[in-house]
Amino acid sequence: MTELTLAQGRVDRDRLLRLLQEYGVYGGVAALLLFNFAFTDHFVSAENFRTQAVQVAPVLIVALGMALAIGTEGVDLSVGSVMALSTSLLSLYLGYGPWAAVLVAVAGGILIGLANGALVAHLGVQPIVATLALMVAARGLALVLLPQLKDVRDPGMTALGSGDVLGVPYLVLIAVALALLVAFVVRRTTFGRQLLAIGDSRPAARLAGLPVRRVLIVVYACSGALAAVAGILATARLTASDPTSLGTLMELSAITAVVVGGTPLSGGRVRIGGTVAGAVLIQLLTTTLVKHDLPPSWTQMAQAVVIVGAVYAARERGKR
Amino acid sequence: MLAVTGVSKVFPGVKALSDVDFTARAGEVHALVGENGAGKSTLIKVLTGVYRPDTGEVVHNGTPVRFTTPLQAQQAGISTIYQEVNLVPLMSVARNLLLGREPRGRLGLIDFRRMHREADEALRGLGIRVDVRRPLRELGVGAQQMVALARAVAIDARVVIMDEPTSSLEPREVRTLFDVIRMLRERGIAVVYVSHRMDELYEICDSVTVLRDGRVVHTGRLADLDRLRLVSLMLGREIGEVRSEGLTKFTGSHHASAEPMLHAEGLTVRHQLRDVSLSIRPGEVVGLGGLLGSGRSETARAVAGALPTDSGRVSVGGAAVRTGSTPAAIRAGISLLPEDRKAEGIVPGLSVRENIALAALPSLSRFGLVDDARIDRIVDTFVKRLRIKSSGPHQKVGELSGGNQQKVLLARWLALHPKVLLLDEPTRGIDVGAKAEVQALIDELADDGLAVLLISSDTEELIEGSDRILVLKDGAVVDELTGDAVTEDALMRAIAAEPAGSHHD
Amino acid sequence: TGLLTSLVLTTGCTKSEDSSDSDKAAPQQGDSGQQVASPSAGSGPACTIDAYGGEKLDLKSATVGFSQSEKEANPFRIAETASIEAEAKKRGVKLLTANAQSQFSKQISDVQDLIAKGADLLVIAPLNSDGWEPVLRTAAAKHIPIVTVDRKINATACKDYVSFIGSDFVEQGKRAADEMIEATGGKGDIAILLGSAGNNVTTERTKGFVDRIKDKAPGLKVVFQQTGEFAREKGQSVTENLIQSKPGIKGIYAENDEMGLGAVNALKGAGKKAGAVKIVTIDGTRNAVQGIVDGWISGVIESNPRFGPLAFQTLDTFTKGSEVAQDIVIKDSAYTEANAQSDLDKAY
Amino acid sequence: MQPDAVRKVTDDDPGPSRADRFSALAQQHGAMVTLLVAMVVASLSFDTFLTGDNLENMALSSAFLAVVALGMTFVIVTGGIDLSVGSLFALGGVVAAWGSQYGSAVALLLPLAVCGLIGLVNGLLIARSGLAPFIVTLAAMLGARGILLAITDEGSRTYLVDKDSFLATLGQGSLLGIGVPVWITAALFVLGAVVLRRTRFGQYVYAVGGNEDAAALMGAPVARTKIAVYAVSGLCAGLAGALNAAWLLSGVTILGSGMELEAIAAVVIGGTLLSGGFGFVSGSLVGVLLLKVIQNVINQIGSLDSAYQQVVSGAFLAVVVVAQTWLGRRRRVL
Ligand SMILES: Nc1ncnc2c1ncn2[C@@H]1O[C@H](COP(=O)(O)OP(=O)(O)OP(=O)(O)O)[C@@H](O)[C@H]1O
Ligand SMILES: Nc1ncnc2c1ncn2[C@@H]1O[C@H](COP(=O)(O)OP(=O)(O)OP(=O)(O)O)[C@@H](O)[C@H]1O
Ligand SMILES: [Mg+2]
Ligand SMILES: [Mg+2]
């Protein structure tokens, strides 16, 4: 009898831990929300939530691409620079109208992604170094193309940055749509399965005849395209192209969002829901610290603690 | 010497061990047998501190112990050869062999000259000659296993545990291994021996413990059990049932048509293959014989496009296949069941279902979208047909026992409806029941008109399973046995035609 | 690299929004130059080549090394580098340049590289005030005169370096405070958008501002200080949070124009009217001055980046053997509603 | 330049075939070859390149990054990564400068203690809790920067090192015309090479990186090894920071951003596999020097636009890494 209840308790604890592992990020988001409801003035307002959603949108979009790259046991450090490049291209081609400019900007992102993918898939360069090289080069390129900040006055872009549908800003709608799209791709398509298999065991995937190189190239191209989209949205919001500072350290924020969201860096698994929650968690955290006017030293230390805490809660528990 | 009492171990979804008692005595070779997934490897990992048991305790020399790391177990004099080779491929043979016990000279720095000498001596003692300074990964799986053996024996151990050590060894090396085991027994060391090969068990073991579904169903002297009884204990079926099925499931010969299905010519890979040609007709099983490192795996890999060739042609049903490309080979209908299932076969993090569907995905999806219903049907068929034991199609393959992983891989390839099936050690590490099933399956597939290439270190299996055997040596075909010449004697003679192992420095 | 070239090639057919914009943005050297706040060199401590050590030389035949601290990507740095380069060209002096890309370690080795390459004179725009010891030692050993522009280094003038030319950041902060007091009437809650942490421009502009507020307008309360890292985007997102958690905010002091423009964006996005929240910034870029004209910004304190003429003149005077001032503080103007429209062309 | 120990140990590696040996050499010395080529080209193009002053400058300013890269090499050989080194480098410098008011011993030991401790915590979280190194050290990077800001009044205070202290001589002094930091760096590299190649700990480092599970089953103290390498990395970063502060005579607060990526790039250019299990200390030194030479060449050109500088160094990085991967490929695929 007692043994039974003991076993029961054990199982419950196991399940609890598993739940924590699966849904820890969501718990973290909820906790931060509760804290803010209780202690932050003027937090509960539609306007505020809109602001938070708009601010998180670019990071989130970049994190989606990053999640794919991480799913293949890779990483894409060039995303921040791709954002800068896309803002440069956007500004340079805006004379042809917003659509053309957007196309060029996304094409630029895809090109950088292809270069990443080619280095990784065809030349076998480690993703972290390959994308590091392109991170340096793409930022430089962005600055060569557009040496300094330039205002964007195109009405289309301005509308993109500040317009909304039924009170939901375009930026947020686009981010949500992209998140759903990526989630669908990962779950329901052949490409998604192949991506995960490649991330889990590259040799096995190769021997199973999967198009390893093609998948890798497409993954990095997607990551580049998404980063470019994020760059466009950030530009629209800022109503200026600022290739110097746009996207700096974005790669780290995106990786953090992905990992805090429960996607392991070792590949073979992609959690889009978690990634969204991870991005929101980081956003809420910075907001909370800013709203309470804490000095930068605090901000940085608090971020460190929260990142470790979140990842610790979601860690794979030992098999022992 | 080393014992466990009342040990249970639960993995999510599986009870791997329940209330197991087991004792290894000094100077005795104790066989641990059971079907795939019976819990043998798990028990061994509990004994050596890799897993912590949920209940029960480990008793070493009469005192309860709690090893929390393999290191502690090792320090207590328990050394282990694990089922899958567990060495560091990038490090040299000598460093692997002596890791943690490097001879040290002045200032506590490692004395490499002595280290290489010691490693060389240890391996020579087991009858293998390799350059101990080379990275381990350049050795074949069998040679790696011998290094692991050398490592385990070299430690001054009181208990030596071997989890399927012979699954990748040649007969010659198996004999070496048995000599080593006998020597250990004479020295009063307790040996725990896991194997699916009946002959070996009866040759070397003194006592036996049979596990079934995580429970001990029998413990006692091995001599008191005959083979049929042992098998029936393992499988949990009546003796009569087992007897009627026989021990190997090969029927012998097949009716092969005249036109070869697979034709490979002049395959050459620098340092590995020299001008290997072979052809297989539909419905024919061709065996590849040879010693470790003779290039059997390389041949299969070259045919399947997994090993880029320097020259050579491959064609299926008369149509040329681009070499060096796995997708091309697969499209042409060539499937390879790789030798190293852990590293190159399974995708451990994906489920049974996804692993089975992996290679066939493009044909199981529409417009790039996965068709779940069709996948489910196929997975269902194969899980039933191959009797894959798992807690469900959504269990991760990495959590299955070795034999079941192998079946999942077979299912992956069969789902592609290949024309040519290349099987590299298909029954390695598979229990008698499953082995018979796989063998029967190979027969059946050949009868269905598949061209099968069979690589096996199990001579019996090779002889009985193949219609024809090509013998390889140093990456070249040296002999071909056909018809009545397919006998163990002939094979041995062909392999031993020149003194073995003389080709290396 | 093929990719890079192709990307570069694509720029051939670019067409940005309004081409006239680029003409306007081009640095205007004409009116430029700087005026020294304390013109009489005699008033402050002075320095001569005899006191410093080294030999007289002719600037025309000398090689001048210029070490820039940050990428020429913001208006200030662009104007600064352009001004130096233009002046060197005008005087026919050979100029070597290096850019530290915001990495201090790189700036140190940059300057040493310049010395190794044979620079006879150095103009340095320091990224940081401290940590110049290695450079100073090398320069001293070779008696290379150093002039630092826009930021001072913590060392002994006329011994370690010749003179400093630049603005007084504390003073800029104070003047910004004056503008803020005037704009807000000296009462209410205000916020500061700080520059990058650990940067002494940030520190000094904050100090000047806060001190002056304390002195002159105790009614103004600084209720919010967050870093906008000198970038528009960061300034915008911080301000967005600010105006939601502190709706009653009266004024925002941005330590550079970019953050101030970000704040303007945020206010616009939140549906505020121009002038509802008073914004004071420092730098004097064209965009910010335009902001005054449009009514969003109340005042811009100038920080003049056109160091070229003054720097070369100082070097010329010094190498000829005459004495130069150790601290050449330039006179920064200010833009307010009164003069923004008319002085728009003076902004860089 | 190559310490004796390194040479002696590396020649126990060559494989049996000539081609194999060649690619082994190429992988080990590919960076070295590139470095030599770059230096020859640079000295032919610029007559101010191969001067004593210029070489001395390059050596001295590479020294600090080299020490950081040394620690990073250990981490990367275990298959990990340490992103916190840049922040620790800055923190080490600030702490050293702060401590110098209590004497040079404090100034030297305090940064070692602080940064070593943070490294240790990194190691504990990675080894004991199984968290990914990337994310743990990323957090440490933020945390260490936060600590730095906290002890410098949000970066507004710079602590100075007394010119006449022993610490200052460590940074400023020179021996046989070569700066003391360069000597210290050289000594550390010899020590690092010996530890990695000739001690049992070194063997464990390789084993853990080569196959962690196998290493554990072979009885290697996996957790302890991992903890140790992160502690070593922290120590190296702290020491480099302290030496740098001694050189600059102040604890500059804005140092070290982006340094982690530079160090990683140097290690990888030096032939160490990011996936772990293979690599050598001497390569990392060559990698650092190579990065320095590129930077120097860009400065030699004189007036390259800062944006183009970045394009050039990114492209160069790509070329070197591709060359390195290509040279090492044959060996790796086998
Ligand atoms: N890490 C794990 N997580 C979950 N389940 C596991 C794990 N390891 C083993 N199992 C399960 O425990 C059971 C026993 O596995 P074990 O490997 O001990 O079998 P075995 O007797 O060694 O089989 P084989 O002869 O195939 O090697 C199997 O059902 C297996 O699926
Ligand atoms: N014992 C050994 N000594 C030296 N070299 C070896 C040894 N074993 C393998 N090799 C090398 O590895 C290569 C391939 O070996 P591998 O074991 O894959 O061949 P195989 O015939 O498929 O053997 P098996 O499949 O039984 O392991 C050989 O060409 C040889 O160079
Ligand atoms: Mg097993
Ligand atoms: Mg083989």
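This is a predicted model: local features need pLDDT of at least 70, side-chain atom pairs count only at pLDDT 80 or more; totals for chains, interfaces and linings use all residues.

Student: OK. And how much of ligand 2 does the protein bury?

Tutor: The protein buries 87% of the 620 Å² that ligand 2 exposes when taken alone.

Student: What does Ser297(B) do with its polar side-chain atom?

Tutor: That atom is 2.5 Å from an oxygen atom of ligand 2. Gly295(B) contributes through its backbone instead: a polar backbone atom there is 2.9 Å from a ligand 2 oxygen.

Student: Which residues come nearest overall?

Tutor: There are 15 residues around ligand 2, and the nearest are Gly295(B), Arg296(B), Ser297(B), Glu298(B) and Glu339(B). Helix H10 of chain B, residues 296-303, gives the most to that shell, with three residues.

Student: How does the shell split by class?

Tutor: Six residues are polar, five charged and four nonpolar.

Student: Switching topic. In the largest nonpolar core, which residues touch the most other members?

Tutor: Tyr193(B) and Leu230(B), out of 349 residues in that core. The biggest contribution to this core is from helix H10 of chain A (residues 212-238), which gives 15 residues.

Student: Leaving aside sequence neighbours within four places, what is Leu230(B) in contact with?

Tutor: With Val33(B), Met198(B), Leu201(B), Tyr202(B), Val208(B), Val210(B), Leu222(B) and Leu225(B). There's also a second, separate core of 31 residues, and Ala300(B), Leu307(B), Val314(B) and Val321(B) are among its members.

Student: Now chain C. How many helices and strands?

Tutor: Chain C has 13 helices and 15 strands. It has 348 residues, and 59% of them count as buried.

Student: And what about its contacts at a separation of 6 or more?

Tutor: In chain C, 76% of those are between residues 24 or more positions apart. As for surface, the chain exposes about 12,600 Å², with carbon and sulfur atoms supplying 50% of that.

Student: Let's zoom in on helix H6 of chain C. Which residues are buried there?

Tutor: H6(C) covers residues 133-142, and Glu133(C), Pro134(C), Val135(C), Leu136(C) and Ala139(C) are buried.

Student: What do those buried residues pack against?

Tutor: Within chain C, they pack against helix H5 (104-116) and strand E6 (146-149). From chain D, helix H7 (166-172) and helix H11 (222-248) join in.

Student: And what follows the helix?

Tutor: His143(C) follows H6(C), and its phi is positive, near 55°.

Methods: Residues are numbered from 1 along each chain as its sequence is written. Chains are lettered from A and ligands numbered from 1 in the order in which they are written. Side-chain values use heavy atoms; hydrogens and water are left out. A residue is near a molecule or strand if one of its heavy atoms lies within 4 Å of it. A polar contact is a pair of N or O atoms within 3.5 Å; within protein, one must be able to donate a hydrogen and the other to accept it, and residues adjacent in sequence count only if both atoms are side-chain atoms. Accessible areas come from the Shrake-Rupley method with a 1.4 Å probe; for residues, only the protein chains shown count as cover. Helices (H or I, at least four residues) and strands (E, at least two) are DSSP runs, numbered from the N terminus. Ala, Val, Leu, Ile, Met, Phe, Trp, Tyr, Cys and Pro count as nonpolar, Asp, Glu, Lys and Arg as charged, and the others, Gly among them, as polar. Buried means under 20% relative accessible area, exposed over 50%, partly exposed in between (1.4 Å probe, protein chains only). Contact means heavy atoms within 4.5 Å. A nonpolar core is a set of buried Ala, Val, Leu, Ile, Met, Phe, Trp, Tyr and Cys residues joined through side-chain atoms within 4.5 Å.
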